[in-house]
Amino acid sequence: MPQSSLQVVTYAIADAMLAGPADPATMVERMTRVLGESADWMTGLARRVERRFGARWDSVEAKHLSKIIAETAGFVAAWRSENRPRIVRVLTRPPVQRPAPRWLRDVTLPQLPTLGDLAAWLDVEPLELDWFADRWRVAAHDATTRLHHYSYKAIEKRDGRCRIIEIPKSRLRELQRKVLHGLLDRIPAHDAVHGFRRGRNTVTFAAPHAGKAVVFRFDLTDFFASVHAGRVYSAIHALGYPLEVARALTALCTNRVPSGRLLAPDVRDRIDWQERQRYRNRHLPQGAPTSPALANLCAFRLDLRLAGLARSVGASYTRYADDLAFSGGNDLSRMTERLSIRVAAIAIEEGFAVNMRKTRVMRHAVRQHLAGVVVNSHPNLERPAFDALKALLTNCVRHGPRSQNRDAHTDFRAHLAGRVAHVTMLNAARGEKLKGIFERIGWDERDQS
């Protein structure tokens, strides 16, 4: 029988060690079974591995142990001898889904210990899962091939720059929605979070800051693109899912924009180098249904620390997507610089960045507004926003709704009804005025799409 290479042997020994608990005695038993005989160096190796990796045994990979094995003096001596260690059988770690962390003890997560289980749960064939979860199958510079799972749209910002919307194609979007509704929706976000949560909205985000002496608003730069694949993987793996399943779920929910799209004329000069690097690395795509929930999950530590900071200075804290809000009394207004520096530092430490140009400090003498909601005395709608919606509804009455659907909403009637309901929630009197205009609009099937 031909001799196996050093790498094959050390990986086989590592697999045997990982095929059971991190107990030195049982590790030695498994190594003996794999090599067909015991050796003096096994006990010292097993004890060293247990001390170093025992506390995180479920997340250790064979490559972590292979190097230690190859550097163990007793194994090296045996490998250099005439009777080299030889593999007689293979043992592998059985896939096991670990219990969810204690803070999710009341949450039932789907049991997906293997890739086969994940494929069955998603109702796809294993080869289809491999295709959709492939890390990168297409040349990075090619932006137009049909093999890509995403299409791209550049949206202009107010400052003339642009944001890239990454739109998953229908089949991948269907799988992402299954992940969202079957898994991610079951995981609660931090209580300070009001974006992308059922029963929460811009009004609940702004309401805790009404009637305060000072309101701070911070903006996180490239919120979704800042959450790279490594952070997504760590968050999913921490839920108890095995390595391969966590990797597949991460690949299903992350993307990297091909260089060809980043260098296209409508984008090239409208994003800076840092933004381009974020898009080139695997990240949460803005446009995928799973991205908001995963962003909230990955920002849990950020919210935890910012909420703690707020408590320490007697302030209130809420977050809506990339908008951070703090508010408090006169004491808080005297620590503007200190708070701004501390928020920026925490954001950096948690993998985000505050756009300092968009930071606003709003004292009671000026209009205090958050996400379009005025909070000087009570939550209310900004007058310019009310006037713009009133004009839009009036033009729908005069010229027909189809002429006003400039953003091509698929259900324009539902879109307008939602905006009117939002105003009503903030200001009942203004809402009734807009309802009266809305009810005078003449609709037909073509006008609603």
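Predicted model: local features only at pLDDT ≥ 70, side-chain atom pairs only at ≥ 80, totals over all residues.
A search of the whole structure identified 13 aromatic pairs. In one of them, the ring centres of Phe205 and Tyr320 are 5.9 Å apart and the planes meet at 50 degrees, so the pair is classed as tilted. Phe205 belongs to helix α9 (residues 202-206) and Tyr320 to strand β4 (residues 316-320); the pair therefore ties together parts that are 115 residues apart in sequence. The two partners were assigned to separate accessibility classes: Phe205 is buried, with a relative accessible area of 1%, whereas Tyr320 is partly exposed, at 24% relative accessibility.

A further pair is formed by Phe412 and Trp443, with an edge-to-face arrangement in which the centres are 6.4 Å apart and the planes lie at 65 degrees to each other. This pair also links distant parts of the chain, since Phe412 is located in helix α19 (residues 412-426) and Trp443 in the segment after α20 (428-438), 31 residues apart. Phe412 is buried, its relative accessible area being 2%. Trp443, at 17%, is likewise buried, because the class comprises residues under 20% relative accessible area.

Beyond individual pairs, ring pairs join Phe196, Phe205, Phe223, Phe224, Tyr320 and Phe352 into a cluster.

The charged end of Arg84 is positioned over the ring of Trp79, at 4.3 Å from the ring centre. Over the ring of Phe386 sits the charged end of Arg430, with a distance of 5.1 Å to the ring centre.

Note on methods. Residues numbered from 1 in each chain as written. Heavy atoms only, no water. Phe/Tyr/Trp six-rings, centres within 6.5 Å; stacked < 30°, edge-to-face > 60°. Helix = DSSP H or I, 4+ residues; strand = E, 2+ residues; numbered from the N terminus. Buried < 20%, exposed > 50% of the residue type's maximum accessible area, 1.4 Å probe, protein only. Lys NZ or Arg CZ within 6 Å of the ring centre and 35° of its normal.
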